[in-house]
Structures are given as C-alpha cells and as structure tokens.
Amino acid sequence: MFETHKSMVREQEKGRNTASETLMETDLGKERYTRSCPMTCPKQCYAMVGLPARGKSYIAHRLARYLNWIGIKSQVYNVGKYRRELVGVSMSSEYYDPNNSCGTESRRMVAEHVLNKILVWFKDDPDACVAILDATNTTQQRREMILEKCEPAGIKVMFIESVLEDEIIEEMNIREHKVRCPDYQGSDPETAFNDFSERIKNYKKAYQALCLNLDRELSFIRVFNITQFHINNLNGNTQSKSAYFLMNIRPHTKTTLYFTRHGESRFNELGKIGGDSNLTENGIRYAKELSKFCTGQRFNWHTCLD
C-alpha cells in the first residue's frame, strides 16, 4: 500500500511539473508576442494638412477611434487646443496672416511644443503607435519641421491632406462648428463667421498643397471632397489600413438604413426555423407593400440569405 501511495505522489508531481512547463511555455509565448507587437506596429505620426473648416479634426478623431478599435494605440494632438492654452483664446484673424511675423513665430512655437509632446508620449508609453497631429500644416516649411522632429526619433511620418472645393459645405462647416468653438465663445455668430472667413483667406495666402512632383518621397494621402483620393508611397500595414478606412468615411452624408425580414412563410406558420418554404398570403401581401414603399426610393440594396 505504501508503494502504491508513493507511486500516486510521483504521478501527481509529474502532472504538476508538466502543468508548470506548459504554463511557462504559455507565458514565454505571451512574452514573445508582447515583444513582437512594437515591431509589427512602428511608431508613426500622421500629420493633417489643409485649410481650416476642411474636416481635418473630424477625420483625425474618426481615424484614431478606428485604429484604437483594431488594437493600434492612437492619440490626437490638436494644435488649436494647445494654442488656446499657451497664447490665449481671443486671437483675431490677423494672428493668422503670414505677413504678421509675430503671429507666424507664435504659431511655429506652439506647433513645436505639440511635436515635443508627441515625442514624450512615444518615449513614455511603450504601447504608443500612432500620434495624429491635428493642425493646418499648410506650408512646406512646417511639414519639413515635422519631418526633422520625428525622423531622428525613428517615427515615420504620413501626411493626410483634406481638400474641400464645395463652398456650400465650407460655409456649413463654419456656421455649424467653428462659430461655436472656444475661440468665439460669447461672440455674435455673424461676427464670428466673418472673422473665421478672414482667417481662411489669410491661410490661403501661404497655402502650399502637397505636390507629387515636389513631395514624391513623402508618404501622403490627399482627400478631395471625401470622395476622391490621391495616395503616394504608403509604408506598412498600419498606413494601408488607415487609407482603407479613410476611403470609406462619408462625413457629409446622412445615411438611413432599413432592415427587413422576408414576409411570413409556411414554416413560420408551423413554428419552424430555417428552411426555404413558400410565402403565405400574408407574406405575399407584405412583399407587395414593401415593393410599393421602395418604389422611387434611392436604395443601395444588400440581400442577406441565412
């Protein structure tokens, strides 16, 4: 009996050792996976480009939310927010005039401050993958500053330019969003609209769009009216996923979705699930009414049979 007991103890010890070895292998596997994640997701800075009221912030936040959802840690850095903290809120359109040397230098310093914030985030957070610089970045000089800051730190840069040619949508963006921003808190809406319109005119004086001839070596996506895209020199899986997402967002389109099942079937009458039985009279009547409802509607049809 004693020998039998020792044999049982040896078998239990063997089982525990096997379990420990399996657990160790699993932990090592997790460690290897954790260490490999930064390699599969290199640190990147997406720099928005474009005039004000072009939907840059909308794109930046939508993209960051998507990347975080698929497991790529991302964060938006809005330069306007930091500018209000560092310089103040009540800055008239003259502040954005490229001929205003004081305003130009002030905006450059704010942009550099935000870039330094991004570098600190990448340094302090090992899981950080994508920083989205939400700003106008409308000149080649400003974009060169971004490259000079990021590339020595091993951070890849991709530019995302939003071009809006529809003046009606531009005015809608200003009236619905910009006149309510902190810059115009307490201001008359029409006064705010006029000042912001002048701000855009000042930006246009120095605006240098991304150009394939001059910027061929850069990674960039140019978005025209959220419907057309020019894509150049994308690098890696994350940038490809980002481009795919951008090609499928429609910020100025309100979509109504209609879901419907088939009309009542013979199997429905019998309480059966599945199958492919004929419709009952009620089901046929429903199909006809549905057809009447859809007549004249502009639908993109998607049929699901399961």
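This is a predicted model: local features need pLDDT of at least 70, side-chain atom pairs count only at pLDDT 80 or more; totals for chains, interfaces and linings use all residues.
**Entry 1: before I start**

**Entry 2: confidence**

I checked the confidence next. The protein chain has a mean pLDDT of 84, and 82% of its residues reach 70 or more. Where does pLDDT stay under 50? I found residues 1–6, for which the model has zero contacts beyond four places in sequence. I then found residues 12–39, where the pLDDT is below 50. That stretch, too, has zero contacts in the model beyond near neighbours in sequence.

**Entry 3: the sheet**

On to the strands. I traced an open sheet of six strands and wrote down their order as β2-β3-β1-β4-β5-β6, with mixed pairing. Which strands stand at the edges? They are β2 (74–78) and β6, and each has a single partner strand, so one side of each is left without a neighbour in the sheet.

Strand β4 (residues 156–163) pairs with β5 in the parallel sense, over six bridges. Here I noted Val163 opposite Phe224 of β5. Strand β5 (residues 219–224) then pairs with strand β6 (residues 228–232) in the antiparallel sense, over five bridges. For Val223 I looked up the bridge partner in β6, and it is Phe229.

The hairpin of β5 and β6 has three residues between the strands. I spotted a positive phi near 55° there, at Asn225.

I went back to the pair I opened with. The axes of helix α3 (residues 79–86) and helix α4 (residues 101–124) come within 9 Å and cross at roughly 115°. I therefore log α3 as roughly perpendicular to α4. From α3, I see Val79, Tyr82, Arg83 and Leu86 meeting Val110, His113, Val114 and Lys117 of α4. Sorted by class, this contact has five nonpolar, one polar and two charged residues.

Where does α3 lie on the sheet? I find it across β2 and β3 (130–134), running at about 50° to β2.

**Entry 4: α4 on α5**

Next I took the contact between α4 and helix α5 (residues 140–150). Their axes are 11 Å apart and the packing angle is about 30°, so I count α4 and α5 as roughly parallel to each other. α4 passes α5 in a right-handed crossing.

I listed the residues on both sides. α4 brings Arg107, Arg108, Ala111, Glu112, Leu115, Asn116 and Leu119. α5 meets them with Arg142, Met145, Ile146, Lys149 and Cys150. My tally by class reads six nonpolar, one polar and five charged residues.

**Entry 5: α6 on α7**

Helix α6 (residues 167–176) packs against helix α7 (residues 189–206) at about 130°, with the axes 10 Å apart. Why do I write oblique for this pair? Angles of 65 to 115 degrees count as roughly perpendicular and those over 145 as roughly antiparallel, so the angle leaves α6 oblique to α7. The crossing of α6 and α7 is right-handed.

For the contact itself I noted Glu170, Glu171, Ile174 and Arg175 on α6. On α7, their counterparts are Glu190, Phe193, Phe196, Ser197 and Ile200. I divided these residues into four nonpolar, one polar and four charged.

Technical notes. Residues are numbered from 1 along each chain as its sequence is written. Side-chain values use heavy atoms; hydrogens and water are left out. Two strands pair if DSSP finds at least two bridges between them. Helices (H or I, at least four residues) and strands (E, at least two) are DSSP runs, numbered from the N terminus. pLDDT is the predictor's confidence in each residue, from 0 to 100. Contact means heavy atoms within 4.5 Å. Axes are lines fitted to C-alpha atoms, for helices over the stretch in contact, and angles run from 0 to 180 degrees between N-to-C directions. Angles under 35 degrees count as roughly parallel, over 145 as roughly antiparallel, 65 to 115 as roughly perpendicular and the rest as oblique. Ala, Val, Leu, Ile, Met, Phe, Trp, Tyr, Cys and Pro count as nonpolar, Asp, Glu, Lys and Arg as charged, and the others, Gly among them, as polar. A crossing is left-handed if the near helix is turned anticlockwise from the far one by less than a right angle, and right-handed if clockwise.
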